[in-house]
Amino acid sequence: MDEFHRLKQLNKIAPDPEYALQTRVRILAAPQKMQVPIWSTFVVSLRSGSIVAIAALALVVIGGGASLMKYLESSALSSPTLKAEAQAIDMQIELTNVDYKSLPSFAPLSVKRDAIASKDKDKSDNATSSAMNIDEALNALTQ
Amino acid sequence: MLEEEHNLIARSVKGDGEAFGILYDHYHPRIYRFVYLKVGRREEAEDLAHQVFLHAWERFPSYTDRGYPLGSWLYRIARNAVIDHYRTRREAVPIEDLDPELFTDGSDIESAAEEGLTLSDVRAALTALKPAHQDIIILRFVDELSLKEAAEALGKSEGAAKLLQHRATRELKKRLDAKSPKPERHGRISPPKTAE
């Protein structure tokens, strides 16, 4: 038997009719898919993402600019206001007299130290006396 | 190619189930046969054929009619489905899986058995071929596609398909000749029959 004749006989192979009908019904019941190419999905997402980003940036710029303008226009930073504020500052600098005569310029260091120490002692005495006065006052209040 | 196939395709692209049903009725036996001859098992062939047509129906809206028969596209889907099937299964297909009941031509049991054996040999020889050789043999000699249609289904040029066919038939003939009983020649002694 010729092999090609045998091959043609394989044409008799057929599916089960009941199975064929069942699968037909199931297939036609399935929804069709609208295929979108991947690249177009990427472009769409990029486009929408960039639109959102640009919109957000615009909002920030507009909002920030508006508030900046408001701030600049306020009286707090205008040049006439600044001038007036500067003039209003009352800076009185007082230089106290420096007693150079009490200490000779070429006096030894120990002498200078003694002089400074005596001055410090006077200050502490005054502080002690004032502290005691405060204590007396407080005692008087409590009684 | 089915009559008014282009019209049916155009309607199916728009979602006409009735039109696709007609295409299904025409191509389903061919796709099933193609898949069955490659995988060798009826249940698997049924599942794969179902997958092929489900895939085709779902993606029909994006199908572009380039003038070729729809069968070429369906065979391509079927080939890919079989490749994916083998990739996941990795099992050896039993050669004796041919079911004589498939031949519903009303023949008596004896002749059906004889045909089954003969066809079993052909099936075995076909299974032993390379996948590309199997494809061209099935498309050209079992489903009787034209060379142009077979080339389109395989994604090859007509020249390449013709060359492939030539090699496939040579290989198949070699295997069938090896299986068929050799006639007695001069001076050749055939092996004695075993005594009962």
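Trainee: How many residue pairs are in polar contact across the interface of chain A and chain B?
Mentor: This is a predicted model; local features need pLDDT of at least 70, side-chain atom pairs count only at pLDDT 80 or more, and totals for chains, interfaces and linings use all residues. Residues are numbered from 1 along each chain as written, chains are lettered from A and ligands numbered from 1 in written order, and side-chain values use heavy atoms, without hydrogens and water. A polar contact is a pair of N or O atoms within 3.5 Å; within protein, one must be able to donate a hydrogen and the other to accept it, and residues adjacent in sequence count only if both atoms are side-chain atoms. With both residues at pLDDT 80 or more, the number of pairs is eleven.

Trainee: Which element gives the largest share of the side of chain A that touches chain B?
Mentor: Helices are DSSP runs (H or I, at least four residues), numbered from the N terminus. Two elements of chain A give two or more residues: α1 (3–9) and α2 (17–29). The largest share, seven residues, comes from α2(A).

Trainee: Which residue forms a salt bridge with A:K8?
Mentor: A salt bridge puts a side-chain nitrogen of Lys or Arg within 4 Å of a carboxyl oxygen of Asp or Glu. Chains A and B share two salt bridges. Here the closest N and O atoms are 3.8 Å apart, and the partner of A:K8 is B:E144.

Trainee: How many residues of chain B are in contact with chain A?
Mentor: Contact means heavy atoms within 4.5 Å. Chain A brings 27 residues, and chain B brings 42.
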